[in-house]
Amino acid sequence: KSYYGTGMGLDGDGNYRLGGRKALNKEKFIQDCNESGIVVVQIEVDRSGRVTRAIPGVKGTTNNATCLTDPAKRAALATRFNSDSKAPAKQVGTIIYNFKL
């Protein structure tokens, strides 16, 4: 329960939600289209802090345009979290990306 999706991320912005863990880097990918909106990416993280799976467009997403979901997924997969040997083998959380024009 404590390892599911409510931890604060870098800068205390709350966009990196993985219980008890902190994002060590913030990857940014710029959209290559004339679209804006929020893309929520569900992530799975291993004990070493590596994002092993990223599913963009989950609940909370306001724009499912491919030109936003693709860079959000790439950014999520490039994000690293602190390692935690006591964490579950697969920990689930979210990262929220806000694309602006």
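Two strands count as paired here if DSSP finds at least two bridges between them. With that in hand, welcome to a few close-ups of this predicted model.

**View 1. Strands S2 and S4 side by side.** Strand S2, residues 37-45, is joined to S4 by nine bridges. The two strands run antiparallel. To find your place in this pairing, look for Ile 38, which stands opposite Asn 98 of S4.

**View 2. Strand S1 meets S4.** S1 covers residues 16-17 and is linked to S4 by two bridges, again in an antiparallel arrangement. Here Arg 17 has Thr 94 of S4 as its bridge partner.

**View 3. The whole sheet.** Four strands make up an open, antiparallel sheet, and their order is S1-S4-S2-S3. S1 and S3 (51-56) are at the edges with a single partner strand each, so one side of each has no neighbour in the sheet.

View 4. Residues 66-78 form helix H1, which lies across S2, S3 and S4. Relative to S3, the helix runs at about 160°.

How values were computed: Residues numbered from 1 in each chain as written. Predicted model: local features only at pLDDT ≥ 70, side-chain atom pairs only at ≥ 80, totals over all residues. Heavy atoms only, no water. Contact = heavy atoms within 4.5 Å. Axes fitted to C-alpha atoms, helices over the stretch in contact; angles between N-to-C directions.
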